[in-house]
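Work through these exercises with the structure open beside you. Try each task before you read its solution.

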Amino acid sequence: MKRKFKLSADFKPQGDQITAIESLLQGLKENKKYQVLMGITGSGKTFTIANLIEKVQRPVIVISHNKTLAAQLYSEFKEFFPRNRVNYFVSYYDYYQPEAYIPEKDMFIEKDAAINVEIDRLRHVATHDILTRPDTIIISSVSCIYGLGSPELYKKKKVTIKKREKTDKFTLMRKLVSIMYERNDYMFQQGKFRAKGDTIDIFPMYEDRAIRIELFDEEIERMVYFDPMKMEYYDELDLVELFPAKHYLIGNKQREEILKEIKSEMKKQEEYFLKSGRFVEAQRVRERVLYDIEMIQEMGYTKGIENYSRYFDMREAGAPAMTLLDYLPENALYIIDESHVTIPQLRGMHNGDHSRKENLINYGFRLPSAFDNRPLRFEEFLKKATQVIFVTATPGDFELELTNGEVVEQVIRPTGLLDPEIEVESTEYQMEKLLEFIEPVLKRGEKILITTLTKKMSEELTYHLISLNYRVKYLHSEIETIERYKILKMLRENVIDIIIGVNLLREGIDLPEVSLVVIFDADKEGFLRSYKALIQIIGRTARNVRGKVVLFADRMTDSMKKTIDETNRRRKLQMDYNKVHNITPRTIVSKIKDGISFGKTEKISNIDELEKKIRKLKKSMDRLAAELNFEEAAKIRDEIIRLRKNFIFNA
């Protein structure tokens, strides 16, 4: 039976969500490759896309420009589609230092990384689901354009096990090892298997429960799902299909041929260095490649194996690497969230990667084929994308060129809220004026965001307001993720009244309590005071019925004029709609959300609980270190890192 997307929501499309859904659906039917959904803050763009997904019944990838917004989208789509598969695909590194060489200092920097096991599992869940179920949505960061390994080989290496099948324990274990599962009888987790007597337990990379296989007289007698923590048994199975534990794989029949090709390239590069009189580089490239070849022969894997991916994928030199996009079916629908930010990110990934690898190759640390282990060029990404919907409040020139200036506009909020009023004030006596704007807002029990151009000004203004007994915090890029979340939550919980920041107050912050946004230096044209930036900043108060924006400026810039004109245009459309439909605007009511966790990641109800648990673990770690029990102390350190990194915030 084919599984279908089924939207679950307590409300139906309203306002111009209805026409937006119809317009986008018609565009897809007409086979338009590119469309733009220009939706203002608070207009319910995610709900519009969710309705579209239910209507088109196609697999979907939603690409976001950072992990935090991806986590927020993941949470929202999980609520909309509880019976379908919604996946989270982002970089699995908690920490990542890429391999690099700095010729000026003769300094080689070894690749260093800490892999988040839970996010690695979620990546496998995503590839498994997209290959096995048509009702799959993947929420991804720009990681989707980085090399992942061949989907054809990933599917080909799948191991099928049937009940009553004639086999023995050792044959079965060899099959598991061939698809990169590791035997570990003591630490049983995803990607591992254990064996005792005639019983083999397997923990698939993409499951949150394990599989027990029981053999009798060289026959598979029983297969069953079970919880390895509680040892509770669930569904009995007649068929088990196991996908590999790693995405980078080598076909056994191809391995020797591939290694010969790698060795041949190594010899050519070695000869090139020798002819140039660069003997150190010649020796270096020989030693490093021969070591990698030996590791692949013995273990089937080596650190940095992705640098040889061109050979494993059977690609021509210069051809793009296999990525998550190659796992998607041809009819997949691409949604580019906050496209005005995500597109520049997608564009920039390739050049940075190429520049770093150039030195590694020129100085013998890698073979020239390492260039082909790269993120997709932007034009390659567009070629792979079948049909694309750009979602943003401020479409850029690129999106508008692709659609000949046509956009599907969504400016009516279901709550009837209007875009905020904008007031321009001169910078003369701006501090005194600021206090005049602040006081009535605080008396109503509402909140304020103030944005400055520099970190220093945000801090100095914070200290000034604190000296006047205001409850205020500053927020900028040097504040850690956990602390940022805590500050935003403090605002919502009425612990503080004002947040002062730089450019972190733009996308993805849901603060309906905020009724005033103040922008200093609004006339300083540049990235932080461009039309797009101003539109995004004023959107932070578009969730409150008393929303107002104050621009401190001594002149009217083009960006300011365009922002004010566009806001007034939207306000008129919104007021006209409300009048016709007899709608009274009302402030959005949004519950205060805590951290969300995925899969088996520990669920912690709030930030205070997280910090309390970490303090307790640190005490245990310090005690063990003092007792010289460094191995156990290191385990607790890793647990602290895991807690911090796996606690995904949804402010």
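Helices (H or I, at least four residues) and strands (E, at least two) are DSSP runs, numbered from the N terminus. The model is predicted.

**Exercise 1.** Locate Gly44, then decide whether Gly44 is buried, partly exposed or exposed.

*Solution.* 
Step 1. Find strand S1 at 34-39 and helix H2 at 45-56. Gly44 sits in the loop between S1 and H2.
Step 2. Recall the cut-offs: buried is under 20% relative accessible area, exposed is over 50%, and partly exposed lies in between.
Step 3. Gly44 has a relative accessibility of 26%, so Gly44 counts as partly exposed.
Step 4. Look for contacts, leaving out residues up to four places away in sequence. Gly44 touches Gln17 and Gln410.
Step 5. Now take Val580, 536 residues from Gly44 along the chain. The two C-alpha atoms are 21 Å apart.

**Exercise 2.** Describe how helix H1 packs against H2.

*Solution.* 
Step 1. Two packed helices are described by the angle between their axes and the distance between the axes.
Step 2. H1 covers residues 17-29. The angle between H1 and H2 is about 45°, and their axes are 10 Å apart.
Step 3. That angle makes H1 oblique to H2.
Step 4. The crossing of H1 and H2 is right-handed.
Step 5. List the residues that meet. H1 brings Gln17, Ala20, Ile21, Leu24, Leu25 and Leu28. H2 brings Phe47, Thr48, Asn51, Leu52, Lys55 and Val56.
Step 6. Sort the residues of this contact by class: 8 are nonpolar, 3 polar and 1 charged.

**Exercise 3.** Is Thr302 buried or exposed? Which side chain makes a polar contact with the side chain of Thr302?

*Solution.* 
Step 1. Thr302 lies in the loop between helix H8 (279-299) and helix H9 (309-312).
Step 2. The relative accessible area of Thr302 is 3%, so Thr302 is buried.
Step 3. Skip the neighbours within four places in sequence. Thr302 is then in contact with Asp292, Met295 and Ile296.
Step 4. Check the side chains for a polar contact. The partner is the side chain of Asp292, at 3.2 Å.

**Exercise 4.** Find the loop that holds Asp217 and Glu218, then examine phi for Asp217 and Glu218.

*Solution.* 
Step 1. Start from strand S13 (210-215) and strand S14 (220-227).
Step 2. Read phi for Asp217: near 55°, a positive value in a residue other than glycine.
Step 3. Read phi for Glu218: about 55°, again positive, although Glu218 is not a glycine.
Step 4. Turn to accessibility. Asp217 has a relative accessible area of 62%, so Asp217 is exposed.
Step 5. Glu218 has 56% relative accessibility and counts as exposed.

Methods
Residues numbered from 1 in each chain as written. Predicted model: local features only at pLDDT ≥ 70, side-chain atom pairs only at ≥ 80, totals over all residues. Heavy atoms only, no water. Buried < 20%, exposed > 50% of the residue type's maximum accessible area, 1.4 Å probe, protein only. Polar contact = N/O pair within 3.5 Å; in protein donor to acceptor, adjacent residues only side chain to side chain. Contact = heavy atoms within 4.5 Å. Axes fitted to C-alpha atoms, helices over the stretch in contact; angles between N-to-C directions. Parallel < 35°, antiparallel > 145°, perpendicular 65-115°, else oblique. Left-handed = near helix turned anticlockwise from the far one by under 90°. Nonpolar A, V, L, I, M, F, W, Y, C, P; charged D, E, K, R; others polar.
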